[in-house]
Amino acid sequence: MRLDELPTKSFCILPWVSANIGTDGDVVPCCLWHGKAEKFAKEHDVERAMIGDGLEKARDSEYFQKIRQMMIEGKRPSGCNVCYNNEDDDHHKDHEAAYGKLHLRTIHHKRHAPKLYKYKNEPMPLKWIETGLSNLCNMACVMCNGGSSSIIYKAFHPGESIPKGFVQSIDNIDEDLSGLTLLTILGGEPMIEKKHDTFLETIIGQNKNPKNLEIDYHTNGSVFPSQRVIEQWKKVKQVRIVFSMDSVGKHVKIQRPGNYEWQDIDDTVDMFVQLAESNANIIFSVNVLLTALNIGCITETCDYLYSKLKNSKTGWMQTNRIESGMLWHRYIDYRNLGKKTKQRIKDKWKKWEDSNPLVLADKDHAISRLYAVAKVSINEEGDMDEPLTKELMLERHPQAKLWKLYKQDLKELDI
């Protein structure tokens, strides 16, 4: 499917069939709206959609109505600019080519849109829920924030209570869940949150046919789920374990400092692989966020993942490029690395390729796509007048406090 085959040039099916519930209580069409809800509300003088009013009311609010009406008219809601800008960006076209896949708007349309439907400005039956049950997390990733990590919030708000989102009551999810086909559970770290168990039972219990339901978990891979959760997984069509894994071994805590050790992740990955051997409906995917902190060791990450998952059922493998042009990201943006550093990384990659690594030779596995995206992305240019260095990161990155708090001096970072 092509973008020009959608109902209008700005159309996305998600404001009709999907809801993303943030840990702060915001309800928006998808996860890419994170941080943009208030801005859109002010632009159009509407109230934000909040889960405290109930999910049904949120999806039929003025907020969602405005989004849908703009799309019907072919206008671009600002909260959707991540997708629109990626579609317009030449570098992203290379990025998509490296994946060999379609744009997100067409992927969602093929999956969730009914055929031959005349779209009205009203919600359709709910097909997809995305939510982080809370910001409870054991990692303080330097590209993250307190809304998604409890220990980041504590680091920057000492002595304050952590704000609670919708998890104060799952009764707020008052929609008809009988036709839900996709549930995406984000974080924080979902395997830590105890309310997750009850939430999962509620979702599956209300579904008229759980064997049509797929569940995607975005997990940092350091915590194994409870047996109660594993029993629920047996009832659904598929459980996708998405490892958010930016690097491995001694490099892992450079981008993701926190209250854990690398061995925790390594052991938990092994437990997931063993579980998948007995639960045929478990599939693995990987999500990497590409930054200056991990681009140089993407080959080690690929080798590790292949060694663990080569005999498992796997799906998409995704490398997300850190968003450019933002002060928040500038001092960990791989685009701002100096030419010499980039060339040294590319020389290292060339030696790795010449060694004929198994992950590149196995065409049946998608893990090599993680590397393919890094390879086309490293040539992008940044927005700094001086090359990015470890010293600049430690001095100017807004989250630099987290490195100090978790005793990361970046000595392992080769830039």
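Predicted model: local features only at pLDDT ≥ 70, side-chain atom pairs only at ≥ 80, totals over all residues.
Visitor: Why is serine 377 called buried?

Guide: Its relative accessible area is 1%. The term buried applies under 20%, so serine 377 is buried.

Visitor: Where in the secondary structure does serine 377 lie?

Guide: Serine 377 belongs to helix H17, which covers residues 368–377. The chain as a whole contains 19 helices and eight strands.

Visitor: What does serine 377 touch, when residues up to four places away in sequence are not counted?

Guide: Leu290, Arg321 and Tyr334 are touched by serine 377. A contact requires heavy atoms within 4.5 Å.

Visitor: What makes the radius of gyration of the chain agree with that of a compact globule?

Guide: For 415 residues, a compact globule would have a radius near 22 Å. The chain has 21 Å, and therefore the value agrees with the rule. Its C-alpha trace spans about 55 × 50 × 50 Å along the principal axes.

Visitor: What share of the residues falls under the 20% limit for burial?

Guide: Of the 415 residues, 56% count as buried. The accessible surface comes to about 19,000 Å², and carbon and sulfur atoms hold 48% of that area.

Visitor: What share of the contacts with a separation of 6 or more joins residues 24 or more positions apart?

Guide: Such pairs account for 76% of those contacts in the chain.

Visitor: How far apart are the mean positions of the positive and negative charges?

Guide: The chain has 58 positive and 59 negative charges, and their mean positions are 2 Å apart.

Conventions
Residues numbered from 1 in each chain as written. Heavy atoms only, no water. Helix = DSSP H or I, 4+ residues; strand = E, 2+ residues; numbered from the N terminus. Buried < 20%, exposed > 50% of the residue type's maximum accessible area, 1.4 Å probe, protein only. Rg over C-alpha atoms; globule rule 2.2 N^0.38 Å. Areas by Shrake-Rupley, 256 points an atom, 1.4 Å probe, with all protein chains shown as cover. Lys, Arg positive; Asp, Glu negative; His and termini not counted. Charge placed at Lys NZ, Arg CZ, Asp CG, Glu CD.
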